[in-house]
Amino acid sequence: MPVYEYTCCTCGHHFDLLREMSQADDPAKCLKCGSAETKRELSRCFTKNPSMSGGSGCSSCGGGDCSHCHS
């Protein structure tokens, strides 16, 4: 199950919820104040990029951002 990020429109609290994809846009109660006035945020994710850590990628693309590099 993916983790979704939400922000409470009442108190401004930012929180994460582990939910089914089908529940991503369902109302989520704030974990701090209990308000149902929340909005889902664009989640940030982390990917390992070999070019940023000193690597040069693979021989097919050289950039470290193709399906061959992510095995």
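For the protein chain, the mean pLDDT is 78, with 62% of residues reaching 70 or more. The model is predicted, so local features need pLDDT of at least 70 and side-chain atom pairs count only at 80 or more, while totals for chains, interfaces and linings use all residues. Residues are numbered from 1 along each chain as its sequence is written, and side-chain values use heavy atoms, with hydrogens and water left out.

Now to the strands, which are DSSP runs of E at least two residues long, numbered from the N terminus. Strand β1 covers residues 3-8, and five of its six residues are buried, that is, under 20% relative accessible area with a 1.4 Å probe and protein chains only. Strands pair if DSSP finds at least two bridges between them. β1 runs antiparallel to β2 (residues 14-18), joined by five bridges. Five residues sit between the strands of this hairpin, where Gly12 takes a positive phi near 85 degrees. β1 also pairs with β3 (residues 38-40), again in the antiparallel sense, over three bridges; here Cys8 has Thr38 as its bridge partner.

Back in β2, Phe15 is the bridge partner of Tyr6, and both Tyr6 and Phe15 are buried. Rings of Phe, Tyr and Trp (its six-membered ring) pair if their centres lie within 6.5 Å, and planes under 30 degrees apart count as stacked, over 60 as edge-to-face and the rest as tilted. By this rule there is one aromatic pair. Tyr6 and Phe15 form it, stacked at 5.7 Å centre to centre with 20 degrees between the planes.

Conventions
Buried < 20%, exposed > 50% of the residue type's maximum accessible area, 1.4 Å probe, protein only. pLDDT = per-residue confidence, 0-100. Helix = DSSP H or I, 4+ residues; strand = E, 2+ residues; numbered from the N terminus.
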